[in-house]
Amino acid sequence: MTNSVVDAPTAQVPAELTPQRGRWHRVRPFLPLVALAVFAILPYSTISLPGIFEGPVNSPGTLQLLAICLIFGGLAAGYDLLFGRTGMLSFGHALYFAAGVYGTDVLVTRAGLPLWQAALLTISGGTILAALLGAVALRTVGIAFAMVTLAFAQVGAILVARDFGGLTGGEEGLPLDVSGLPAGLVGVTNTVNLYWLALAYLTVVVFVVHRVSASPTGRVLAGLRDDERRIGVLGLDPYRYKLVAFTLAGGLAAAGGVVYCLIVGGASPHITSSELTLSLLVMVVLGGPGTRWGPVLGGVLYMYLDHRLTAFGTSEAVDNLPAVLSHPLSQPLFVLGTVFILAVYFFPGGLTSLAPRLTHLTRALRPPR
């Protein structure tokens with residue numbers, strides 16, 4: 001009798017644990033390009049969406065609102081490079097955005113420089129400012145780092161409010177002198193060009209943040225977020241990598257300030273307040289920190305609600321409600337806070353976690369075969 005060796009059967013992976021590589025996974029990489037194309041041709045649409053926008057999609061008011069939403073989507077994505085991807089909680093990120101806004105306005109209005117020179121000098125100056133202040137703030141960690149960045153931002157807010165050097169206009173702000181701007185960026189009829197400029201800014205920010213996150217530097221930043229001591233044990237300098245992230249985020253914020261100045265036609269002191277940084281933090285948490293599209297989604301949704309809830313709070317529908325409802329609903333911050341609390345409670349991972357949760361729910365409710 002001979003002994004025969006029987007090969008064990010190949011292990012079978014359960015179907016529910018096997019990733020589905022169907023048509024959706026082949027199409028998914030092209031969805032960002034499709035979304036970009038849709039947003040690019042949106043100004044050609046004459047569709048009216050009552051209750052969502054006050055006028056047609058291609059009206060100047062709607063395009064300006066969408067442009068502001070795109071700007072803050074890019075700002076939130078840049079701030080996520082600090083908070084979500086590196087684990088640094090900064091309370092002074094609004095300073096570099098304000099530097100972009102006021103730098104552009106002052107150089108164009110006060111100094112009379114062409115827009116392209118003012119934009120280059122402003123972005124370079126905002127990046128250098130972020131590098132200098134980051135070199136000091138990053139000597140601390142944790143809550144001390146957050147307080148130091150807040151202190152720097154407060155200094156900037158005081159300089160703007162006190163009309164330092166007679167440049168900022170103080171509490172009244174500084175209107176932008178449009179005589180020094182290209183003709184294609186001036187006037188209500190050219191709002192579409194500003195919209196495309198905001199879309200280009202968002203595209204650049206998303207591309208830069210994604211490329212950095214996918215690079216070896218991005219993996220080090222993720223390691224700093226999870227365990228900074230382990231990065232030091234590996235022989236890498238955490239301070240240097242954090243300074244790179246801080247400087248890059250500040251430069252992207254300054255670039256957003258340039259575009260924002262053109263869209264709103266000037267600068268006002270409210271952009272220097274710490275409330276703006278807190279709003280960016282809310283945007284990131286609302287969308288999903290550390291994700292590719294979560295901060296963008298959170299920034300766009302937050303700014304849309306911030307603008308639309310102001311009009312909703314003063315509408316007749318709210319005024320006709322009982323006082324116990326009309327008073328809180330007339331306050332946009334109350335409604336935004338309620339939305340944020342509900343979103344964090346039901347979707348701790350942000351709005352980007354909504355799709356996986358719905359997928360698991362539909363699978364659980366699906367009848368067995």
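## The largest cavity

About 60 Å³ of space lies in the largest cavity of this predicted model. A cavity here is a set of points, on a 1 Å grid over the protein atoms alone, where a 1.4 Å probe fits but cannot get out. Volume is the space filled by probe spheres set on the points, which are joined across faces, edges and corners. The structure holds 1 cavity of 30 Å³ or more.

Lining residues have an atom within 4 Å of a point. Among them are Asp 80, Arg 85, His 210 and Arg 292. Helix α8 gives the largest share, 3 residues. By type, the lining splits into 5 nonpolar, 2 polar and 3 charged residues. Asp, Glu, Lys and Arg count as charged; Ala, Val, Leu, Ile, Met, Phe, Trp, Tyr, Cys and Pro as nonpolar; the others, Gly among them, as polar.

## Gly 100

Gly 100 sits in helix α5, residues 94-110. Helices are DSSP runs (H or I, at least four residues), numbered from the N terminus. Gly 100 counts as buried because its relative accessibility is 0%; the cut-off is under 20% relative accessible area, with a 1.4 Å probe and protein chains only.

Beyond its neighbours within four places in sequence, Gly 100 is in contact with Thr 122, Ala 254, Gly 257 and Val 258. Contact means heavy atoms within 4.5 Å.

## Basis of the model

Residues are numbered from 1 along each chain as its sequence is written, and side-chain values use heavy atoms, leaving out hydrogens and water. In this predicted model, local features need pLDDT of at least 70 and side-chain atom pairs count only at pLDDT 80 or more, while totals for chains, interfaces and linings use all residues.

Key. Helices (H or I, at least four residues) and strands (E, at least two) are DSSP runs, numbered from the N terminus. Buried means under 20% relative accessible area, exposed over 50%, partly exposed in between (1.4 Å probe, protein chains only). On a 1 Å grid over the protein atoms alone, a cavity is a set of points where a 1.4 Å probe fits but cannot get out, and a pocket is an open set with protein on both sides within 12 Å along at least five of seven lines; lining residues have an atom within 4 Å of a point.
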